[in-house]
Amino acid sequence: MAVPKNKLSSARQNKRRSNVWKLSAPTLVHCPKCGEYKTPHRVCGNCGHYNGRQVVQKEA
């Protein structure tokens, strides 16, 4: 069975794990109604439309 010969320092161990926790940028799509960027499957924050329907009344 493979057993480490020497103790691995925490710095070396953390260096190896450092690229696992990187965050990715959120996906953005254009709203078909107003053209603003929005996250997919969410109501547009600019015009209040979702799936071709007015869901939220936005004040002018």
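# Values against cut-offs

Trainee: Why does V43 count as partly exposed?

Mentor: V43 has 35% relative accessibility. Buried means under 20% and exposed means over 50%. The value for V43 falls in between, so V43 is partly exposed. Keep in mind that this is a predicted model.

Trainee: Where does V43 sit?

Mentor: In the loop between β2 (37–38) and β3.

Trainee: How many disulfides does the whole structure hold?

Mentor: Zero, by a search of the whole structure.

Trainee: Are C31 and C47 buried or exposed?

Mentor: C31 has a relative accessible area of 4%. C47 has 16%. The limit for buried is under 20%, so C31 and C47 are both buried.

Trainee: Why is H49 called buried?

Mentor: H49 has 15% relative accessibility. That is under 20%, so H49 counts as buried. H49 lies in strand β3, residues 49–50.

Trainee: What makes the pairing of H49 and Q54 a polar contact?

Mentor: Their side chains are joined at 3.1 Å.

Trainee: Which residues does H49 contact, beyond its neighbours within four places in sequence?

Mentor: K33, V43, C44, Q54 and V55. Two of these, V43 and V55, also belong to the nonpolar patch.

Trainee: What makes the phi of H41 worth a remark?

Mentor: Phi of H41 is near 65°, a positive value, and H41 is not a glycine. Most residues other than glycine have a negative phi. H41 lies in the loop between β2 and β3. H41 has a relative accessible area of 64%, over 50%, so it is exposed.

Trainee: And what is the phi of N51?

Mentor: About 55°, positive, although N51 is not a glycine. N51 lies in the loop between β3 and β4 (53–54).

Trainee: How do you know that N51 is exposed?

Mentor: Its relative accessible area is 66%. Exposed means over 50%, so N51 qualifies.

How values were computed. Residues numbered from 1 in each chain as written. Predicted model: local features only at pLDDT ≥ 70, side-chain atom pairs only at ≥ 80, totals over all residues. Heavy atoms only, no water. Disulfide = S-S within 2.5 Å. Buried < 20%, exposed > 50% of the residue type's maximum accessible area, 1.4 Å probe, protein only. Helix = DSSP H or I, 4+ residues; strand = E, 2+ residues; numbered from the N terminus. Polar contact = N/O pair within 3.5 Å; in protein donor to acceptor, adjacent residues only side chain to side chain. Contact = heavy atoms within 4.5 Å. Patch = residues over 30% accessible without salt bridge, like charges linked within 9 Å, V, L, I, M, F, W, Y side chains within 5 Å. Areas by Shrake-Rupley, 256 points an atom, 1.4 Å probe, with all protein chains shown as cover. Salt bridge = Lys/Arg side-chain N within 4 Å of Asp/Glu carboxyl O.
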